[in-house]
Amino acid sequence: MNRALVIRVTHGLVRRVIETIPRASERGIAIGRDGRNLSDVFQIDAAAVAASLGMRVHFMEGANPTPLLAFAVTRLGAAAGIMIFVKNSAALSRKTAATLR
């Protein structure tokens, strides 16, 4: 995964959320990350894209465990959540997971 991919995927996800979930822009999107390589950069990119589309962003500071994102989406009443994480594997593949609510 790279920054261009994160930007494109986030753009598509946020547009879809705005189109399909009532009051999505007001409710916002929670964006979290793990502590591994490039997660912080990808989180900032995702937040910038969401904000540029008029989506309120709930930016989760620092590295957080994935279950905290699910809690944040529920607690904040967010329309969706994005968890940026880097999976350690032989190929060092990077993945983005989106949690919709």
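Helices here are DSSP runs of H or I at least four residues long, numbered from the N terminus. This is a predicted model, where local features need pLDDT of at least 70, side-chain atom pairs count only at pLDDT 80 or more, and totals for chains, interfaces and linings use all residues. Residues are numbered from 1 along each chain as its sequence is written, and side-chain values use heavy atoms, with hydrogens and water left out.

Let's start with helix α3, residues 39–52. Just past α3, glycine 54 has a positive phi of about 85°.

Which residues of α3 are buried? Among them are Phe42, Asp45, Ala46 and Val49. Buried means under 20% relative accessible area, exposed over 50%, and partly exposed in between (1.4 Å probe, protein chains only).

Now for the charges. Side chains of opposite charge can pair when their charged atoms come close. The whole structure has three salt bridges, each a side-chain nitrogen of Lys or Arg within 4 Å of a carboxyl oxygen of Asp or Glu. In one, arginine 3 pairs with aspartate 45, with the closest N and O atoms 2.7 Å apart. That pair ties together distant parts of the chain, 42 residues apart: arginine 3 sits in helix α1 (residues 3–20) and aspartate 45 in α3. Arginine 3 is partly exposed at 46% relative accessible area, while aspartate 45 is buried at 8%.

Arginine 36 also pairs up, with aspartate 34, at 2.7 Å between the closest N and O atoms. Here arginine 36 is partly exposed at 36%, and aspartate 34 is buried at 8%. Arginine 23 and glutamate 26 form a salt bridge too, 3.2 Å from N to O, and both are exposed.

Notes:
Helix = DSSP H or I, 4+ residues; strand = E, 2+ residues; numbered from the N terminus. Expected span 1.5 Å × (residues − 1).
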